[in-house]
Amino acid sequence: MFICFLKKHEFVLFLFTSFVLAGCSRHVTNPINEVSNKMAGKVVAKVGLRPLFLINEMQDSELKTKLEQCKDNTFYRSDFSLGHRGAPMLFPEHTRESYQAAIDSGAGIVECDVTFTSDKALVCRHSQCDLATTTNILAIPELAKQCSQPFIPADPINDIAATAMCCTSDITLAQFKTLTGKMDGANTQATTVEEYLAGTPNWRTDLYSGKGTLMTHAESIEMFKKSGVKMSPELKSASVKMPFNDFSQTDYAQKMLDEYISAGVPAAQVYPQSFNLADVKYWITHAPLFGKQAIFLDERNVGADFDPENPKTWVPSMQQLKSEGVEYIAPPLWMLVTLDPEGAIIPSQYAKADKAAELKIITWSLERSGLLANGGGWYYQSITEAISSEADVLVLLDVLAKQVGVVGVFSDWPATVTYYANCMAIDQ
């Protein structure tokens, strides 16, 4: 029996033969292996129980067998796995706790949605005006009264829902930092603030929402940099008229990149996103090192005539986007897939056109629809008839990876994508 150890001045042990290493108990932390993993550029991920739960729910298939065979593997961080707002299935979105969960579960790229306060500080929030549903701002009277629309209780007799709208641009950075993040949700039948704030959807949990530490954009950069993950900031559309106090849209787009430059983050570590094609073009032209990894978040589907099977309804065309310097495109899940006559999930014409134009595809957002027994809702609208259980997340993921050819998947619980990417050796 061998005892494995590594003293400060005994790095030579790294050169020991595999025979010696084999003598180490698999249940004892082996510092030599830790050094080896670090030297190989791999970071161990903690994928937890959810991937196994999903696999166990699958019908017998070649895919299920393959995924089951990986259950005892060691898993590593993967750039194929992107943390959508962190890991908001269990933790309040865009909080330090949510980001840490995404990092721990193997997301190689983590997202901060970027908006701004009244004093033009950049902060991480999914929307400029979501504070009423994602923070405790309404429970703080002195801040609640600054909201664009303070809380209005429901009127059940006249069937009027409760409403409130609180924006980051309603408050200063100092005030923003006093808030606590909560699980996104609101009780629209509420007659009190307390009832309104207690609106977490039943497919999420409040078990880990006791502490939600809000983050500035700069703080997220430092956190991600320290953790060694790549970064995908999304420049959110302003809910106020631009320019805002002499802060123009181009100022906003440039300031977001300037904070990476100031932090010494190489452009190769950053994937800036925007639904506004003009923002993407600005980065391509004025910050080309960042621009070549800029992601165009595609919402051309908002047009009434959009059809992912009909190229004539996509304006501009995929080829035009490519000719204008766009390299990455990110549509929602449903735009990339359809069903064949037998009801199997296959790539859509939209997905095929992306590949033909040599656009790199990233998609959003897996594990954001609650229970899938009733077809999955908006994110699965093109394949509803094929969606009937939680396990269909993995079936869809397999099609996206192997047939569509996506290079990354945003998920509200990145561990699932991390497990899949490792099992299928996507990053190797």
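**Which helices do the buried residues of helix 3 pack against?**

Before we start: this is a predicted model, in which local features need pLDDT of at least 70, side-chain atom pairs count only at pLDDT 80 or more, and totals for chains, interfaces and linings use all residues. Residues are numbered from 1 along each chain as its sequence is written, and side-chain values use heavy atoms, with hydrogens and water left out.

*Solution.* Start with the elements: helices (H or I, at least four residues) and strands (E, at least two) are DSSP runs, numbered from the N terminus. In helix 3, which spans residues 50-57, Arg50, Pro51, Leu54 and Ile55 are buried. Here buried means under 20% relative accessible area, exposed over 50%, and partly exposed in between (1.4 Å probe, protein chains only). These residues cover an arc of only 140° around the axis, so they sit on the same side of helix 3. The arc is that of the directions from the helix axis to the C-beta atoms. Now for the partners: the buried residues of helix 3 pack against helix 4 (62-68), helix 16 (392-404) and helix 17 (415-423). Contact means heavy atoms within 4.5 Å.

**Exercise 2. Work out how helix 11 is placed against helix 12.**

*Solution.* First, the geometry: the axes of helix 11 (residues 249-262) and helix 12 (residues 277-286) come within 10 Å and cross at roughly 55°. Axes are lines fitted to C-alpha atoms, for helices over the stretch in contact, and angles run from 0 to 180 degrees between N-to-C directions. Next, the label: helix 11 and helix 12 are therefore oblique to each other. Angles under 35 degrees count as roughly parallel, over 145 as roughly antiparallel, 65 to 115 as roughly perpendicular and the rest as oblique. Then the hand: helix 11 passes helix 12 in a right-handed crossing. A crossing is left-handed if the near helix is turned anticlockwise from the far one by less than a right angle, and right-handed if clockwise. Finally, the residues: from helix 11, Gln249, Thr250, Ala253, Gln254, Met256 and Leu257 meet Asp279, Tyr282 and Trp283 of helix 12. Sorted by class, this contact of helix 11 with helix 12 has 5 nonpolar, 3 polar and 1 charged residues. Ala, Val, Leu, Ile, Met, Phe, Trp, Tyr, Cys and Pro count as nonpolar, Asp, Glu, Lys and Arg as charged, and the others, Gly among them, as polar.

**Exercise 3. Repeat the analysis for helix 10 and helix 11.**

*Solution.* The axes of helix 10 (residues 217-227) and helix 11 come within 10 Å, crossing at roughly 40°. Helix 10 and helix 11 are therefore oblique to each other. Helix 10 passes helix 11 in a right-handed crossing. His217, Ala218 and Ile221 of helix 10 make the contact with Met256, Glu259 and Tyr260 of helix 11. By class, the contact of helix 10 with helix 11 has 4 nonpolar, 1 polar and 1 charged residues.

**Exercise 4. Locate the cis peptide bonds at Pro316 and Ser365, and the positive phi of Glu367.**

*Solution.* Recall that most residues other than glycine have a negative phi, and most peptide bonds are trans. The bond from Val315 to Pro316 is cis, with omega near -5°, and Pro316 lies in the loop between strand 10 and helix 14. Trp364 and Ser365 are also joined by a cis peptide bond, with omega about -15°; Ser365 belongs to strand 14 (residues 360-366). As for Glu367, phi is near 60°. Glu367 is found in the loop between strand 14 and helix 16 and is buried, with a relative accessible area of 4%.
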